[in-house]
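Here are my notes on the model you sent over. Have it open beside you while you read.

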Amino acid sequence: MRRPIFGLRNSLKCEICEEREARNTCSICGRSVCDLHFKEGICSICEMSMCELCKKNLSIGYCESCGSLICEECVAYSNGSRRICKKCAGLPPS
Ligand SMILES: [Zn+2]
Ligand SMILES: [Zn+2]
Ligand SMILES: [Zn+2]
Ligand SMILES: [Zn+2]
């Protein structure tokens, strides 16, 4: 009779692939992830939702004009539903 062993915390699984050993912790969301899903301090889920302009903050949405993912700091103009990034507005990135 085999029982699954729960509560063994020394071999934590990656929260993205649930296959590999999680050896890294994302500095943004705090997920435990494997080497494959970890790059420059962040997990690949955060990397995908990162602002494409500054690459420092999580994005809040897309620019209406160029379609880039942009964060709060890189929004030049917003009226709630419409957003334009600083690049499209001709402003220097912060
Ligand atoms: Zn993984
Ligand atoms: Zn993350
Ligand atoms: Zn940004
Ligand atoms: Zn734009």
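1. One helix and eight strands are what the chain's secondary structure comes to. Going along the sequence, they follow the pattern β-β-β-β-α-β-β-β-β. Do keep in mind that this is a predicted model.

2. If you take the contacts with a separation of 6 or more, residues 24 or more positions apart account for 9% of them.

3. The largest nonpolar core has eight residues: Cys-14, Ala-22, Cys-26, Val-33, Cys-34, Phe-38, Ile-42 and Cys-43. There's also a second, separate core of seven residues, with Cys-63, Ile-70, Cys-74 and Cys-85 among them.

4. Have a look at Cys-14, which sits in the segment before strand 1 (24-25). Cys-14 counts as buried because 22 other C-beta atoms lie within 10 Å, and the cut-off is 20 or more. Leaving out residues up to four places away in sequence, Cys-14 touches Glu-19, Arg-20, Ala-22, Ser-32, Val-33, Cys-34 and His-37. His-37 is 23 residues from Cys-14 in sequence, with 8.1 Å between their C-alpha atoms.

5. Ile-42 is another member of that eight-residue core. With residues up to four places away in sequence again set aside, Ile-42 touches Cys-26, Ser-27, Ile-28 and Glu-47.

6. On annotation, UniProt lists residues 46-74 as "domain: B box-type", from an unreviewed entry. In the model, that span is 10% helix and 14% strand, and its end C-alpha atoms lie 17 Å apart.

Terms used. Residues are numbered from 1 along each chain as its sequence is written. Chains are lettered from A and ligands numbered from 1 in the order in which they are written. This is a predicted model: local features need pLDDT of at least 70, side-chain atom pairs count only at pLDDT 80 or more; totals for chains, interfaces and linings use all residues. A nonpolar core is a set of buried Ala, Val, Leu, Ile, Met, Phe, Trp, Tyr and Cys residues joined through C-beta atoms within 7 Å. A residue is buried if 20 or more other C-beta atoms lie within 10 Å of its own, exposed if 12 or fewer, and partly exposed in between; C-beta atoms are placed from the backbone. Two residues are in contact if their C-beta atoms, placed from the backbone, lie within 7 Å. UniProt positions are given in the numbering used here, feature names are shortened, and annotations may be inferred rather than shown by experiment. Helices (H or I, at least four residues) and strands (E, at least two) are DSSP runs, numbered from the N terminus.
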